[in-house]
Amino acid sequence: MLLSLYNCRSYAATSETIDEEKEKGGQKWFTLPSFTAAVNGAAVGKELSRNRSNGGRGTITNTASAAADTTNTTALKWVTRCCPELPRSVVQKLFRLRQVRRESCSGQAVEAHERPLKRVAAKDSMNIGDRIHLPFSVQEFPADKHKSSNYKQECHCSEEEINFIRSLELYKDPAIIVINKPPGMPVQGGIGIKRSLDKLATACLSYDLSEPPRLVHRLDRDSSGLLVMGRTQTIAAVLHSIFREKTVGASNDVTDDAKRILQRRYWALVIGSPRQRKGLISAPLVKVVVDNGKSERITAANDSQTLSSQHAITKYKVIGSSCPGFTWLELTPLTGRKHQLRVHCAEVLRTPIVGDYKYGWQTHRNWKPLSSSNTESHWNEELRPRRNLPFDLNMDSGSISEKTPRLHLHCKQMVLPNVYLALQNVKLHSDCDLSELESLELVAPLPSYMQRSWDITNY
């Protein structure tokens, strides 16, 4: 049986189910849900960001266009949106062979069973209320080929691995899933990476939806903390826009937390202490090639590199440490550049993050483990049995009492708008006011080795 046509019942844009055996003209059809106005997620996210930066005054000015983005929705897009697991090549072939029909509701007061079915081309625009009919023979397509490009790289996980990934969840609603990313797990795949969170999310965090969660921002492999994923394509578009607007609209003048719709706060343990207990770092970053082109790194741009650099702004403040030689910082990135926090700490504040061997390698050459003999509760981690976690992860060893500490950078707190409520309001009201939309406040506990370093330095 055609799996994709059954799975599309979970498609968020409609509550209608598919009529599997609608018969017209002596032929049976699979009938997709009626076409409805799609929410323009990017427009909603952009307007949310602008509204908050203007002090929360006014309504979403482009709500109507955001909630009724129909002009660019073709018949091909609607079929692939309703049936995400049906291979695009099969859908295109159905249109090419002129086997797809449309039942139009263009203002005619005609009973549904009397409406004629007309051939529709892949590029034809959809109108509100239109229903697409696919030939019933599509069910004969082999079930093992019913995997869209989103599922081709799906990981096959054991029950233990699935339970572990789900244990990382900190928050879940119909729009987003937030997890506490463990250190050492890559967010995206690449050369030599077999298991990454984007693939694992497809296998473990899709639940009853027909499409997998989508990444909307990144965390370095060795860092940890809050990671947000959108559960549908529309939600991901909203969140992408919010994260993008955060960077595009950032300036030295916009430092008021109340005016920023997205707030992220990282905790980092650094070597040394900044000259001031709090401040604002505004230092553009540039990518440079090293090792004869074999690798690259990010560095603070000098005057000659200004044209090729990207502006980067970080707020920081000291949050604690009673141990000489180490300081705990709260870092708030106002822009989202690659390795921004690590470079700003190492090159601007001159206090590299503990365990950052890429940007603080010179400081770590003279590294000496900090003795935890002040309290017996901080036993020697190197002698403690390591917990066996799936994916060969280790969240116990790596504190500052060891010879080789791990990266001490953790996304601790995040404030972001309740995207699910925002979209519900946009769908229900043409001139909704989202200025008072409630925010989600998320907190992720430190990994074990960072918590141990915190206890040692604040004893």
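Author: What follows takes the labels one at a time.
This is a predicted model, in which local features need pLDDT of at least 70, side-chain atom pairs count only at pLDDT 80 or more, and totals for chains, interfaces and linings use all residues. Residues are numbered from 1 along each chain as its sequence is written, and side-chain values use heavy atoms, with hydrogens and water left out.

Reader: How many helices and strands does the protein have?
Author: The protein has 12 helices and 17 strands. Both are DSSP runs numbered from the N terminus: helices are H or I with at least four residues, strands are E with at least two.

Reader: Why is Thr332 called buried?
Author: Buried means under 20% relative accessible area, exposed means over 50%, and partly exposed lies in between (1.4 Å probe, protein chains only). Thr332 has 7% relative accessibility, so it counts as buried. Of the 459 residues of the protein, 49% count as buried.

Reader: Where is Thr332 found, and with what is it in contact?
Author: Thr332 belongs to strand 15, residues 326–333. Contact means heavy atoms within 4.5 Å. Leaving aside neighbours within four places in sequence, Thr332 is in contact with Arg260, Arg264, Arg265, Ile313, Thr314 and Lys315.

Reader: What makes helix 4 oblique to helix 5?
Author: The axes of helix 4 (residues 75–82) and helix 5 (residues 88–96) come within 11 Å and cross at roughly 140 degrees. That angle makes helix 4 oblique to helix 5. Angles under 35 degrees count as roughly parallel, over 145 as roughly antiparallel, 65 to 115 as roughly perpendicular and the rest as oblique. Axes are lines fitted to C-alpha atoms, for helices over the stretch in contact, with angles from 0 to 180 degrees between N-to-C directions.

Reader: Which residues meet between helix 4 and helix 5?
Author: From helix 4, Ala75, Leu76, Val79 and Thr80 meet Arg88, Val91, Gln92 and Phe95 of helix 5.

Reader: What makes helix 4 mostly covered?
Author: Six of the eight residues of helix 4 are buried, namely Ala75, Leu76, Trp78, Val79, Thr80 and Cys82. The buried residues of helix 4 pack against helix 5 and strand 5 (131–135).

Reader: How many disulfides does a search of the whole structure find?
Author: The search finds zero disulfides, a disulfide being a pair of cysteine sulfur atoms within 2.5 Å.

Reader: Why do Cys323 and Cys345 count as buried?
Author: Cys323 counts as buried because its relative accessibility is 13%. Cys345 counts as buried because its relative accessibility is 1%.
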